[in-house]
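Please examine the sequence and the model shown below before reading on. The explanation that follows moves from single residues to the contact between chains.

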Amino acid sequence: MIYALCFYLFATITVFSAIMVISSRNPVHSVLYLILAFFNSAGLFILLGAEFIAMILVIVYVGAVAVLFMFVVMMLDIDYSELRKGFQKYLPIGGLIGLILLAELLLVGFGWGLGGPVTTDPATAIPALNEMSNTEAIGSLLYTKYAFLFQMAGLILLVAMIGAIVLTHRARPGVKKQNINDQVKRRRGDAYDIVKVKPGQGLG
Amino acid sequence: MADLLVEFFQWGFGVTLVPWLAIILGIVVGILAIVLPLLLVVAMSVYMDRKVWAAMQMRRGPNVVGPWGLMQSFADGLKLFLKETIIPASANKFIFLLAPALTFILALVGWAVIPFDAGMVLADLNVGILYIFAISSLGVYGIILSGWASNSRYAFLGALRSSAQMVSYEVSMGFVLVTVLMCAGSLNLSEIVLAQKDTFLGVNGYWFTPLFPMMVIFFISALAETNRPPFDLPEAEAEIVAGYQVEYSSMAFALFFLGEYANIILMCAMTSILFLGGWLPPFDWEPLYLIPGWIWFFGKIFFMFFVFAWVKATVPRYRYDQLMRLGWKVFLPISLLWVVLTGLFLLLTDKIPA
């Protein structure tokens with residue numbers, strides 16, 4: 001009973017906050033609702049017994065991605081009513097994309113029902129929870145059978161990161177930057193000379 | 001567990017409860033048993049902090065309220081409690097009040113998985129370390145929301161500084177956690193502590209192994225995560241007054257303050273659990289086990305807190321570009337290298353924990 005209650009609680013809040021993400025007037029509120037949606041999805045994952053995915057969802061999406069969203073959205077200075085003017089214009093194409101997504105989701109649902117029981121490949125069978133925690137199970141699968149795909153995903157992300165840095169980085173001339181190595185290497189002799197000045201002669 | 005709790009309430013209070021009520025009551029009692037002493041510890045740690053700085057600066061520190069000034073924190077608390085909560089006219093009221101509450105709640109929530117002694121833990125999660133990491137990464141929201149909702153330039157600058165800072169230092173902190181859990185072979189905090197028994201020459205804890213540099217990096221990242229000097233740029237009083245706290249008064253400010261200290265103590269507890277051997281005595285020597293584990297654990301937290309205060313009293317504040325350089329160009333490569341080295345070491349010496 002408690003399980004069902006938790007499920008409906010998390011699911012309702014997820015759907016509600018997902019709707020509020022697109023319908024609230026203030027973008028900062030939208031991001032906050034997005035965070036609430038992430039949280040409740042993490043709750044749903046915990047109900048499924050997938051605690052590792054739930055924690056990763058919170059760490060990656062709430063702890064890092066949403067912070068960056070927030071960072072950007074907070075600094076926007078836009079007129080929200082101006083933003084809403086195009087609503088009518090983009091309604092048809094937006095609706096179309098929504099319909100396509102809905103159809104695909106329905107297809108997945110029907111396909112699931114029609115496909116019969118899921119066949120378990122003995123090589124990848126999930127061990128029982130009392131034998132191995134599911135963090136361990138994910139790790140032992142990800143770093144053996146799917147090691148190549150895992151590494152590829154990592155490389156793609158690395159390339160994307162380097163690409164973003166290359167595209168946005170510009171070397172500005174005339175900016176003084178601290179170079180710690182130079183500072184540490186600098187010795188007394190580099191900065192000044194000690195000159196023995198004889199009395200009455202000056203430096204000449 | 002439900003049967004045990006039902007039996008306990010029967011034995012203690014002479015009432016028979018339905019199992020789910022017994023579980024809920026048991027959890028609530030557990031939460032109170034952690035939170036109430038924690039708040040007391042927070043109050044006393046503020047006092048200790050001030051006394052340590054005072055001693056290092058050849059002053060006396062708080063010495064008026066109560067014997068040796070012991071009641072100073074409570075007097076401050078009472079003062080804040082009796083003040084008026086001022087909400088700026090142009091502030092976003094709901095978020096303005098949500099932010100300090102969020103900071104405070106998140107600082108308390110993290111304590112759910114901390115093992116105080118063998119088996120003395122509220123929620124023995126399998127992914128305890130990830131839970132702590134998730135909670136500490138959420139801490140940034142309290143600050144970023146307060147900065148935005150205050151609708152004030154100083155507060156906003158503080159929020160921007162803090163969000164960039166906390167996200168940066170989380171990265172190296174994550175790698176430090178990876179090195180530790182590779183050695184321990186578990187994400188469960190109790191098992192991480194138990195894995196540190198007699199790591200080398202009869203010393204309990206990873207600090208006496210080549211993981212020591214990771215402990216230093218973890219500690220410094222913890223300073224940055226909790227906005228403590230030398231990384232207190234979000235509230236740098238000389239530049240942006242008090243940063244994100246500038247518009248807050250009364251209990252809203254007190255919640256920030258309490259949350260900050262609860263977070264600091266949580267970070268001290270994490271350092272003790274990950275590197276100093278948690279509730280285990282410092283040396284693997286039989287008579288030391290006679291002293292209860294939680295006393296060792298509190299002793300280690302106390303020591304780490306002293307180091308936190310020591311750092312604040314001695315080190316000047318970083319400039320912002322230096323802070324970013326330290327996080328991304330020094331800590332990140334070193335901790336990444338250490339992950340690789342630790343993995344290689346465990347692989348070559350065949351010490352990978354099962």
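**Salt bridges and the chain interface**

R50(B) counts as partly exposed because its relative accessibility is 30%, where buried means under 20% relative accessible area, exposed over 50%, and partly exposed in between (1.4 Å probe, protein chains only). D76(B) is also described as partly exposed, since its relative accessible area is 27%. The side chains of R50(B) and D76(B) meet in a salt bridge, with 3.1 Å from N to O; a salt bridge is a side-chain nitrogen of Lys or Arg within 4 Å of a carboxyl oxygen of Asp or Glu. This pair links distant parts of the chain, for R50(B) lies in helix α2 of chain B and D76(B) in helix α3 (residues 72–82) of chain B, 26 residues apart. Helices (H or I, at least four residues) and strands (E, at least two) are DSSP runs, numbered from the N terminus.

The model is predicted: local features need pLDDT of at least 70, side-chain atom pairs count only at pLDDT 80 or more, and totals for chains, interfaces and linings use all residues. Residues are numbered from 1 along each chain as its sequence is written, chains are lettered from A and ligands numbered from 1 in the order in which they are written, and side-chain values use heavy atoms, with hydrogens and water left out. The pLDDT is the predictor's confidence in each residue, from 0 to 100. Chain B averages a pLDDT of 85, and 99% of its residues score at least 70. The scores of the model are ipTM 0.78 and pTM 0.83.

How many salt bridges does the structure hold over all chains? There are 4. One of them joins D49(B) to R228(B), whose closest N and O atoms are 2.9 Å apart. The two residues belong to distant parts of the chain: D49(B) is in helix α2 (residues 19–56) of chain B, while R228(B) is in the loop between α8 (212–225) and α9 (237–240) of chain B, 179 residues apart. Both D49(B) and R228(B) are buried.

A further salt bridge connects D232(B) with R317(B), with the closest N and O atoms 2.7 Å apart. Here too the pair links distant parts of the chain, D232(B) being in the loop between α8 and α9 of chain B and R317(B) in the loop between α11 (293–314) and α12 (320–348) of chain B, 85 residues apart. D232(B) counts as buried because its relative accessible area is 8%, whereas R317(B) is partly exposed because its value is 27%.

We now turn to the interface. In chain A, 24 residues are in contact with 27 residues of chain B, contact meaning heavy atoms within 4.5 Å. The two chains, A and B, bury about 2200 Å² between them, 79% of it on carbon and sulfur atoms; buried area is the accessible area (1.4 Å probe) that two parts lose on being put together, summed over both. M55(A), I59(A) and M74(A) supply 26% of the area that chain A buries against chain B, more than any other three residues. Across the interface of chain A and chain B, the rule finds 0 salt bridges. The largest share of the side of chain A that touches chain B, 13 residues, comes from α3(A).

L57(A) is found in helix α3 of chain A. L57(A) is buried because its relative accessible area is 15%.
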